[in-house]
Amino acid sequence: MGEQEQREAEAGGEASASAAAGSEQQHHAVIWMLLREEFRRCRVKVYRLRDGGKWDDQGTGHVAIDYIEGSKDLGLTVLDEEDNETLLVHNITSDDIYRKQEETIISWRDPEAATELALSFQEAAGCSYIWDNICEIQRNLQFSNLGAIEVGPRPASEHLEASRVLHSHDESFRSVNGELRELPPVDLSNLPLILKTILEGGITDQMRVAELITQDRDFFPKLLEIFRMCEDLENLDDLHMIFKLVRGIILLNSPSIFDKIFSDEFILDIIGALEYDPEVAKVQKHRTFLKDHVIFKEAIPIKNVSVVSRIHQTYRIGYLKDVILPRTLDDGTMASLNTMIHTNNAAVISLLKDDACFIQELFSRMRSPNISVESKRELVRFLHEFCTLSKSLPLVQQLRLFRDLSGEGVFEIISDVLQSQDRKIVSAGTDIVILFLNQDPNLLRSYIVQQEGNSLLGLLVKGMVTDFGEQMHCQFLEILRILMDSFTMSGAHRDVIIEIFYERHLDYLVDVIASCCPPRSITRRATNSAAVGRNTEVHRIKPEILLNICELLCFCVVHHPYRIKCNFLMNNAIEKILTMTRRSEKFLVVAAVRFMRTIISRNDEHLVRHVVKFNLLKPIIDAFVENGDRYNMLQSGVLELLEHIRKENLKLLVIYVIESFSDQLMKFEHFGSIQAFKLKYQQYLESAETRLGASVPDIRKKAEGRGLEKEEEDYFNEDSDEEDSVRRTKHAHDEERKADVANGSEADDISSRPKSGGLVDYADDDDEDFNPPPKEPDRPAEDDELLKISRVKRKSVNTGDGKHADGEVRKRQKIETRITCSKISALTSLASKHKDSLASSSPSCEVNGIMGEHATHSVEQQHSTDTAETSRQIGGDCIKAMGNLSSEKAVNTTKTNDSEPYSVR
């Protein structure tokens, strides 16, 4: 009985145990059903970012968080709402790749698919639910290796439960209002809680954590002691946790914490903790590099311990910022570290510059003739770094420091440095010069003005044409630009420094170009060849050097227009520079075009005449024609040059280009710039002909107006009729005598005729056969005939070989035409007045009778004929003289004086 009861009791116990187990399994099944039901309520659209930057709709379904099939990891799964096909499967990682946008979108970059994915939720509650679970799973994954949370496949509910346990431990260190009262004790078991407090806290909590760490003197000693213990035990899991903890402390961005971390006491252990990055497969060896490979060199021993300590700290901060954590630091932390570096540099420079013995010892060693090459290199590098770090000082202190260095003779040391054969030393010297010029250019200008002989400016010019490397060429170019910048010059040295450069060094730079580009078609030789002997040194110059010289010359044209104009007009410099158009390097040809464009843009009349006189655009046009239809910088540069000439209305250049190069430019007429250029030339010709035609009637009108004014004046000045009659008779006889003299042999023939002895000549009594004198042709018609002849003459000159003298001939013909018309008008007026005088004198001769009247008519007829012939003869002589003069001028254009262009009058 007892045994039976015992069996029944055992059976009942087993049944109750099985029943309890069944009820527990049923409970878990219900939980999972509820969770799955909750997941199914999250209706989403799946989007994938295409290469074109647009989002592609992958379909609509329901999202759930569950274990991925065939894996022990949790992930996101999206099933299509219509056919339950899988739209998306994503493994949730601990990486910070997830972003929540607005209230209904979660996006991330899938590292496996290498693309951007996004879930767009129908309801904001579903988006918040999935987002919270993703964040919770990420935190659990971060603590999974720390032992505080069980690792392994567990339902999401168990993850949340473990998180609640960790959160309950965290609450014990907070006050009632939630403020963090203290940090957990620093030991291995509490490190996950400390890490959670640092990473998950808000801005207020992070500020409180930084304050508590600063107040706790034992925090860093204990933490680093744990690090050394774990490193000895090779416990990688704990070392990875310490790495995250140290990185999180640095990201708190607290200056007080930085002062402790970068102190000599803790810095090496802090760097050692940062060697165990869990994302890097291999352990880094930063401490080994700092101890064995980094050597602190002292060009001059620094006795101040504080200066040495700050130098070491600055280097370590830069190493951590640039090597250890370049991808981890945020902008705020990076700015704080840069501020510390800047502050340390300012403190170091300030302490060194106040030490007068240190600066004097530095310069005395650099001047020493017995110094070795290696020591000199180290001293130059130190001086370069010293001047570079001085930028950390306030502006006033910078200026004071550079003036002190100038007073100590730093430019003499730089002059010696620039003569070295070591490129690194020369590079450091040019950097120092640029630093001085950026602070106060007048310091260097004053030194150059006071120098004699081989000056520093000469070394800079020579360095520009020496092959030190591409960067060095640009440095020398920049130095010379700053030195001769007219906008920054002031004081008494403004004109002196420019005069030194133009008198001693400009011709040398131009001759360098000429020696590398020997002229072929330019036959005109330089009048000033003092530097020809130096050309033998520069037969082979790199194209980059020639380009920089051309850039410097363009700079001089803009900043010193008057000074360089005199040099160009006297020394044949423009022709030498334009020889670069024959170089094979296209960028040098473009540089020559740019140089000519800079000269023409000055709109200087003397330079324009110089260009026309010596046909200086020919190399440019030849290079343009040789380039053909290739669309490149050369073609664009030449077309822009012609367009500038046209827009600026440079008439002389327009005429010169068309009349000299019209045949060469004919095949480029499909360009709009060439068409507009030729149209501008035609407009100039039409306007010139219009002014020439309008000038002739204006001269005639002015002559007639002057005649009318004189008659009116004579009328008001007359006294009486008798006096007027006598005066006009006398005036008529005088005019007749003048006309006789003008008529030459005919006048002599008339004066030799026998005069009548009596009062009446009866032999001439009959006047029935009297014929009136022939009527003179109209004067305007004669003027038109003369103008027509003049135009024909001008056309014949234009069709000759003297093409360049066309503009001159036109202008001179215009003046000669005006002179001819004036002579004809004066002659016409003289003949008319003489005729009126004869007519008015006949009534007053009462005693002459019929014979007198007949004689008068005879004289009048003879004088009219003579006058007409004289007029024709004078007009013909004028036309002949004009033709001879035009021909003479056309011939003389080949003998143009060098002081004036042939086509400018």
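These questions and answers walk through one predicted model.

Reader: What does the secondary structure of the protein chain come to?
Author: This is a predicted model, where local features need pLDDT of at least 70, side-chain atom pairs count only at pLDDT 80 or more, and totals for chains, interfaces and linings use all residues. Residues are numbered from 1 along each chain as its sequence is written, and side-chain values use heavy atoms, leaving out hydrogens and water. Helices (H or I, at least four residues) and strands (E, at least two) are DSSP runs, numbered from the N terminus. The count for the protein chain is 36 helices and seven strands.

Reader: How much of the protein chain counts as buried?
Author: Buried means under 20% relative accessible area, exposed over 50%, and partly exposed in between, with a 1.4 Å probe and protein chains only. The protein chain has 905 residues, and the buried share is 42%.

Reader: In what order do the strands form the open sheet?
Author: Two strands pair if DSSP finds at least two bridges between them. The pairing here is antiparallel, and seven strands take part in the order β4-β3-β2-β1-β7-β6-β5.

Reader: Which are the edge strands?
Author: An edge strand here pairs on one side only. The two are β4 (86-91) and β5 (98-101).

Reader: Which residue in β6 is the bridge partner of Arg99?
Author: Strand β6 covers residues 105-110 and runs antiparallel to β5, with four bridges joining them. In β6, Arg99 is partnered by Ser107.

Reader: Where is Lys680, and which side chain of opposite charge is nearest?
Author: Lys680 sits in helix α31 (residues 672-717). Lys and Arg count as positive, Asp and Glu as negative, while His and the chain ends are not counted. Lys680 is buried yet has no salt bridge, meaning a side-chain nitrogen of Lys or Arg within 4 Å of a carboxyl oxygen of Asp or Glu. The nearest side chain of opposite charge is 9.7 Å away: Glu643.

Reader: Which residues does Lys680 touch?
Author: Contact means heavy atoms within 4.5 Å. Residues up to four places away in sequence are not counted. Lys680 then touches Arg646, Asn649 and Val654.

Reader: What is the phi of Asn253?
Author: Asn253 lies in the loop between α7 (236-251) and α8 (255-261). Asn253 counts as partly exposed because its relative accessibility is 27%. Asn253 is not a glycine, yet its phi is positive, at about 60°.

Reader: Is Asn615 buried, exposed or partly exposed?
Author: Asn615 lies in the loop between α27 (605-613) and α28 (618-627). Its phi is positive, near 55°, in a residue other than glycine. At 28% relative accessibility, Asn615 is partly exposed.
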